[in-house]
Amino acid sequence: MNIFRRPVAVMVVSCLFLLVGALGFIYHFQQLQQPDGIWVELTEALAIVAGAFMFLGHNWARWLALAWMAFHVALSAFGALPKLAIHSIIFIGIAWLLFLPESRRYFAGTEKAPL
């Protein structure tokens, strides 16, 4: 039986999104009573969803992760220039990792990892 292993790049990005989403959710939980608090928690939950489903090989989750990061780049544009630069570099790095040839094959569904 030939068992395909998840690409390391996918595992790293998936774990990063799970970690950032969970830590962000916990950190911002106290702001839930504020008017925009629910939206902040929703964005953190989306990071968790993207990370979990990327780990399972769902292509839509890869795009959700990129959209999530692009959203943070756009929000950074309203802040300081260094924040925009850092978020842009992170976005480029994540996009590069998620579109490596082995990552593309993994998300194309031609090779799936076991649960």
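How many aromatic pairs does the count come to? The count comes to five, where rings of Phe, Tyr and Trp (its six-membered ring) pair if their centres lie within 6.5 Å, with planes under 30 degrees apart called stacked, over 60 edge-to-face and the rest tilted. The model is predicted, so local features need pLDDT of at least 70 and side-chain atom pairs pLDDT 80 or more, while totals for chains, interfaces and linings use all residues. Residues are numbered from 1 along each chain as its sequence is written, and side-chain values use heavy atoms, without hydrogens and water.

One of the pairs joins F25 and F29; this pair is tilted, at 6.2 Å centre to centre and 40° between the planes. F25 is partly exposed, with a relative accessible area of 31% (buried means under 20%, exposed over 50%, partly exposed in between, with a 1.4 Å probe and protein chains only). F29 is also partly exposed, at 47%.

W63 and F99 form an edge-to-face pair, 5.3 Å centre to centre with 65° between the planes. This pair links distant parts of the chain: W63 lies in helix α3 and F99 in the loop between α4 and α5, 36 residues apart. Helices here are DSSP runs (H or I, at least four residues), numbered from the N terminus.

Helix α5 covers residues 101-108, and its buried residues are S103, Y106 and F107. Seen down the axis of α5, they fall within an arc of 90°, so they line one face of the helix; the arc is that of the directions from the helix axis to the C-beta atoms. These buried residues pack against α1, α2, α3 and α4, contact meaning heavy atoms within 4.5 Å. G109 follows α5 and has a positive phi, near 85°.

Methods. Helix = DSSP H or I, 4+ residues; strand = E, 2+ residues; numbered from the N terminus.
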